[in-house]
Amino acid sequence: MKTKEQKAIQFFRSGSNCAQSVLSAYSGDLKIDNTLAMSISSGFGGGMGRLQRTCGAATGAFMVLGVFNSQKYADSKESKEQTNLMIQKFADKFIAIHGSLVCKTLINSDLNSEKGRQLAREKNLFEEVCEKCVLDSIMIVDELIEI
């Protein structure tokens, strides 16, 4: 059986965005349909719709935490509170590793231009930066939850 990390990297290298890769890696553990997980997270890559704001790997992790807490707590208020606390802890840990949650800062390339995307490919930023963000997101989520 593949680990979540292996699944996530396989999704990412097959063309899924970073948010899809993280959420889909957890779909089996969370008992959510992977096709639905891929659809829900499809607009969050490239820092949310390629706006290069919050890293897609992080937003994928936020979705995992939301689903996890929604399944764990029957009370919606408690679920939201626990999700917010976990997201804050996640953000602190992610920033401690990467220095930022902001996609544009993390990859230092403009993904909204062909020139910027080409530069990112030439510098292997998707492999060297984005894949690390995906893997670190899974590591942090695993520290925060026990499935």
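The protein exposes about 7900 Å², of which carbon and sulfur atoms supply 52%; accessible areas come from the Shrake-Rupley method with a 1.4 Å probe, and for residues only the protein chains shown count as cover. This is a predicted model, in which local features need pLDDT of at least 70 and side-chain atom pairs count only at pLDDT 80 or more, while totals for chains, interfaces and linings use all residues. Residues are numbered from 1 along each chain as its sequence is written, and side-chain values use heavy atoms, with hydrogens and water left out.

**Overall fold**

The protein has 8 helices and 0 strands, giving the pattern α-α-α-α-α-α-α-α along the sequence. Helices (H or I, at least four residues) and strands (E, at least two) are DSSP runs, numbered from the N terminus. The C-alpha atoms fill a box of roughly 50 × 30 × 25 Å along the principal axes. For 147 residues, a compact globule would have a radius of gyration near 15 Å, and the value of 15 Å for the protein agrees with this. That radius is taken over C-alpha atoms, and the globule rule is 2.2 Å times the number of residues to the power 0.38.

Of the 147 residues, 45% count as buried; buried means under 20% relative accessible area, exposed over 50%, and partly exposed in between (1.4 Å probe, protein chains only). Among contacts with a separation of 6 or more, 61% are made by residues 24 or more positions apart, where contact means heavy atoms within 4.5 Å.

**Nonpolar core**

The largest nonpolar core has 39 residues, and those with the most contacts inside it are Tyr26, Val64, Phe90, Phe94, Val134, Val141 and Ile145. Helix 1 (4-13), helix 2 (18-30), helix 4 (56-72), helix 5 (76-98), helix 6 (103-107) and helix 8 (125-144) each supply at least two residues of this core. Helix 8 provides the largest share, 9 residues. Such a core is a set of buried Ala, Val, Leu, Ile, Met, Phe, Trp, Tyr and Cys residues joined through side-chain atoms within 4.5 Å.

**Individual residues**

The relative accessible areas of selected residues are tabulated below.

| Residue | Relative accessible area | Class |
|---|---|---|
| Ser24 | 2% | buried |
| Gln52 | 4% | buried |
| Thr83 | 10% | buried |
| Leu135 | 31% | partly exposed |
| Asn108 | 65% | exposed |

Ser24 lies in helix 2. Leaving aside neighbours within four places in sequence, Ser24 is in contact with Phe11, Asn34, Ala37 and Met38. Thr83 belongs to helix 5 and, not counting residues up to four places away in sequence, touches Leu65, Gly66 and Asn69.

Leu135 is located in helix 8. Beyond residues up to four places away in sequence, Leu135 touches Glu5 and Ile9.

Most residues other than glycine have a negative phi. Gln52, which is not a glycine, has a positive phi of about 60° and sits in the loop between helix 3 (34-40) and helix 4. Asn108 likewise has a positive phi, near 50°, and lies in the loop between helix 6 and helix 7 (114-122). Gln52 is buried, whereas Asn108 is exposed.
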